[in-house]
Amino acid sequence: MKILITLLKPFSFAPAILMMYVIYSFSAQTGDVSGALSYKVSYQIVETKNEILASGKVPEQLSQEAVGIEFYVRKAAHMTEYCILALCVSFPLYVYGVRGFLLFLLAGLFCMGFACTDEFHQSFVAGRGPSKKDVLIDSTGVFIGILAVQIFCHGFLRSKKHK
């Protein structure tokens with residue numbers, strides 16, 4: 001059984017590779033396609049809010065409200081996808097014994113490096129461009145993801161030891 005676990009351990013990075021593919025795919029969308037997706041999500045949010053609060057807003061009002069929050073939806077998506085990437089990178093590293101500051105350093109540098117290459121990639125996509133601000137937002141998501149792994153694993157392993 002121990003041999004099987006040792007052989008399968010490298011596959012623990014598969015979710016990180018999948019998440020990198022997802023991020024790269026979103027970045028490969030043209031500016032128009034990406035904008036339309038952001039608007040659609042924003043509209044869905046304001047429409048749901050309208051239904052829950054029974055505001056009775058008409059589609060034109062919802063559309064204006066969606067345009068107003070679209071920027072924040074885009075940035076929240078950036079932060080979320082990089083938080084998920086950080087979780088997918090940090091957890092296997094933690095399992096391999098990388099902890100504390102070294103985990104922040106390795107996972108953080110890897111994810112932030114990927115964020116930089118992703119922004120560079122966007123400079124070749126029609127209607128898109130690189131943004132240092134997006135790398136900063138991505139890095140915030142990375143920090144949150146790594147911190148979540150540290151807290152969860154530390155708490156879980158600590159409580160397991162005390163039993």
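Buried here means under 20% relative accessible area, exposed over 50%, and partly exposed in between. Keep that scale in mind for this predicted model, starting with tyrosine 82: its relative accessible area is 0%, so it is buried.

**Aromatic pairs**

Searching the whole structure turns up 6 aromatic pairs. One of them is phenylalanine 71 with tyrosine 72: the ring centres sit 5.4 Å apart and the planes meet at 85°, so this pair is edge-to-face. Phenylalanine 71 is partly exposed at 43% relative accessible area, while tyrosine 72 comes out as exposed at 58%. Then there's tyrosine 82 with phenylalanine 114, where the centres are 6.4 Å apart and the planes are at 45°, so the pair is tilted. That pair links distant parts of the chain, with tyrosine 82 in helix α4 and phenylalanine 114 in helix α5 (residues 100-122), 32 residues apart. Phenylalanine 114 is buried too, with a relative accessible area of 13%.

**Charges over rings**

Glutamate 81 lies in helix α4, which covers residues 59-95. Its relative accessibility is 13%, and since anything under 20% counts as buried, glutamate 81 is buried. Setting aside neighbours within four places in sequence, glutamate 81 touches Met19, Ile23 and Phe26. Lysine 133 is 52 residues away from glutamate 81 along the chain, and their C-alpha atoms are separated by 15 Å.

Aspartate 134 belongs to helix α6 (residues 132-162). With a relative accessibility of 7%, aspartate 134 also counts as buried. Its contacts, again leaving out neighbours within four places in sequence, are Lys75, His78 and Glu119.

Finally, over to the surface. Met1, Ile3, Leu4, Ile5, Leu7, Leu8 and Phe11 make up a nonpolar surface patch, and together they have about 830 Å² of accessible area. Take isoleucine 3 as one of its members: this residue is in helix α1 (residues 2-8). At 65% relative accessible area, isoleucine 3 is over the 50% cut-off, so it is exposed.

Key: Residues are numbered from 1 along each chain as its sequence is written. This is a predicted model: local features need pLDDT of at least 70, side-chain atom pairs count only at pLDDT 80 or more; totals for chains, interfaces and linings use all residues. Side-chain values use heavy atoms; hydrogens and water are left out. Patches are made of residues with over 30% relative accessible area and no salt bridge: like charges are joined within 9 Å, nonpolar side chains (Val, Leu, Ile, Met, Phe, Trp, Tyr) within 5 Å. Accessible areas come from the Shrake-Rupley method with a 1.4 Å probe; for residues, only the protein chains shown count as cover. A salt bridge is a side-chain nitrogen of Lys or Arg within 4 Å of a carboxyl oxygen of Asp or Glu. Helices (H or I, at least four residues) and strands (E, at least two) are DSSP runs, numbered from the N terminus. Buried means under 20% relative accessible area, exposed over 50%, partly exposed in between (1.4 Å probe, protein chains only). Contact means heavy atoms within 4.5 Å. Rings of Phe, Tyr and Trp (its six-membered ring) pair if their centres lie within 6.5 Å; planes under 30 degrees apart count as stacked, over 60 as edge-to-face and the rest as tilted.
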